[in-house]
Amino acid sequence: MPNLKKLLVALLLAIASCSVHASDVIEPIEPNYTFQTEQIVYVVADIHGAFSEFTAGLSQLGLVDESLNWNGGEAVLVSTGDLVDRGPDSRKVLDLMMRLQIQASEAGGRVHVLLGNHEVMNLVGDLRYVSLAEYAEFADDETAAMRESAYASYLQVKASQDSPAIRASFEEGFPTGYFAHREAYKPSGHYGEWLMSLPFVIQVNKHVFAHGGLSKVLKGKSIAEVNQQLKDNLNHFLDADTRLRSENILTLLDTFKGAKSKLKSQIQTAEIQTFLTHADSLLFSKNSPTWYRGNAICHPFFENDLLADNLNQWSAEQLWVGHTVTADRQVLNRLNNQLVMLDGGMLKSHYNGNPLFGKIEAGSVTFINGQSGEVVLATTAPNRKGSNPHGMTDAEVEDFLINAKVVNKKTTKEGRTKPFRVTLERDGKQIKGLFKYKAAKRERRIGAKSNRGSPDRFEHEVAAYKLDRMLGIGLVPVTVERFIDGSKGTLQLWVDDLINVLTIEKDKIEYDGYCDLASQINLMDSFDYLIANDDRNQTNVMYGKSDFQIWFIDHSKSFGRTVKRPPMMKESKVTVTPTFKKALEGLNREQLMTLRPWLSEGQIDFLWQRRNKMIAGDF
């Protein structure tokens, strides 16, 4: 078979030499990565071997004919990656994309395919998500001699002799088609060579396309520099991996992650150091455009500004991503419409989702269900995915906390407000909450010049929740007033699986989140200054165990009559982000007066003063 790169280069040169009017072609501004076009641009996200769903969508859009050949003329199709893994027909998807890329170029159009994390995983031998059906697609390419040679190596590595048990273990670990699959994904293999030629990030007009997202480490880099860095990481890693396997330092039993662990314990030769350096490079990190989920999940009060900076440096306006399956399997907009999340879980057998396509035409954007052909609407993503139980809205949780039956109580020994945990039940659903009911004496009126600290009162929990929602933050759990056993107090939604900073430091737990830690702390500090929180400490700075996203809790000792920073914040460098500042500017005194049931007028006066100082940057 002719060398694929040479074939594509020759084809593109031939097309370029044809006499075509300049306005009819896509003109590259920055070679290979940045393009301008007046044609319609179609976008698709994660396909994951869902060949039938993908081709149904292409047919609905008129991009292919009945024989699945390119029928889109000069249109542009962008795939944000993850063609493979999980689904049964990944090879069919690859073959189709490779063919359409050539056919579209011949017709004056273009098919852009980006590398997703799953393409990279297949290239480097991280095969955790390859299905048996995907291996079976390569069964006919795998000869008996290929398998027997691999089995001989297996026996040698295992230091074992042939036996039914050993043979069964080999067959289970390396299903039929495995070795032909690995050959095809080598850099010189049929699919590997094509995948190695693909970009990670591209721009078409004012739209940037990446698989996962754009993190802070991309600031100050051009799209060409980002792609080159990632390609260098991949090439150097694969070169080192190939040499180490040729020297039998790595064997067929050494997976990507297993190889890293193994090599770290060995004498650090230059080759091993090269392997480990690039195994921990940007390409494989959570900040890589192939892996980053921060744009999709992190809080808009800092992530909005991060994405804006990245887009502005490329004179772009919007980022399109896949990678993060949307909760309702529909298109989501996020970060002031700077982000389009298009992964609707096309592979029905795994995600039970929808084949979603985007269409960019003359500056307007529409979305289409590829199965039905119907136009679908994008919705605005919440600040935090799944923050309430049972898919409830804040109003529904409030009603539940106020009216559901208390079926269990558990006392605690912490705090002057004497909190205890409760379990509530209604209509077969249960929700846990934290009830605070004992308050300090009502504060006496104090002069405006007083620097009195914040009184410890359970009512402040409701005020903090209400203010959090006024600003659109959404990080204080739903909180209501309620009577339990004759005592009036506040009942706050209990958030499971949280971990505090004290435990993180004591157990030496490494931070492993997508959301920038410093940005999360800065957001908390900004809110704490606004409410004059006097009691932030290592026990009540809380993160989700699974995602390391921050929660704002424990605000009973807040809303003091002061404009000074709380003592624990005096050394902190607190920055009011543009998005937070805009929210503060939208907050008026009339809104704050609605907090009067839980705050005194004097407390609201000082809250207003702190708001003004934050806007002015004078605090």
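UniProt positions are given here in the numbering of this structure, feature names are shortened, and annotations may be inferred rather than shown by experiment. The unreviewed UniProt entry places the annotation "domain: Calcineurin-like phosphoesterase" on residues 41-233. The end C-alpha atoms of that span lie 30 Å apart. The span is 47% helix and 10% strand.

This is a predicted model: local features need pLDDT of at least 70, side-chain atom pairs count only at pLDDT 80 or more, and totals for chains, interfaces and linings use all residues. Residues are numbered from 1 along each chain as its sequence is written, and side-chain values use heavy atoms, leaving out hydrogens and water.

**The whole protein**

The protein has 22 helices and 22 strands. Both are DSSP runs numbered from the N terminus: helices are H or I with at least four residues, strands are E with at least two. The C-alpha atoms fill a box of roughly 90 × 70 × 50 Å, taken along the principal axes. Of the 619 residues, 52% are buried. Buried means under 20% relative accessible area, exposed over 50%, and partly exposed in between (1.4 Å probe, protein chains only).

**A six-stranded sheet**

Strands of a sheet pair through backbone hydrogen bonds, either parallel or antiparallel. Here, six strands form an open sheet in the order E5-E4-E3-E11-E12-E13, with mixed pairing. Two strands pair if DSSP finds at least two bridges between them. The edge strands, E5 (110-113) and E13 (375-376), each pair on one side only. Strand E4 (residues 76-79) runs parallel to E5, and four bridges join them. Leu77 stands opposite Val111 in E5. Helix H3 (residues 90-106) packs on the sheet and touches E4 and E5. Contact means heavy atoms within 4.5 Å.

**Helix H12**

The buried residues of helix H12 (residues 270-279) are Glu271, Ile272, Phe275, Leu276, His278 and Ala279. They pack against helix H10 (223-246) and helix H11 (256-264).

| Residue | Loop | Relative accessibility |
|---|---|---|
| Thr251 | between H10 and H11 | 16% |
| Asp456 | between E17 (429-436) and H17 (459-471) | 13% |

Thr251 counts as buried because its relative accessibility is 16%. Not counting residues up to four places away in sequence, Thr251 touches Val157, Arg245 and Lys262. Asp456 counts as buried because its relative accessibility is 13%. A polar contact of 2.9 Å joins the side chains of Asp456 and Ser556. A polar contact is a pair of N or O atoms within 3.5 Å; within protein, one must be able to donate a hydrogen and the other to accept it, and residues adjacent in sequence count only if both atoms are side-chain atoms.

Methods
Axes are lines fitted to C-alpha atoms, for helices over the stretch in contact, and angles run from 0 to 180 degrees between N-to-C directions.
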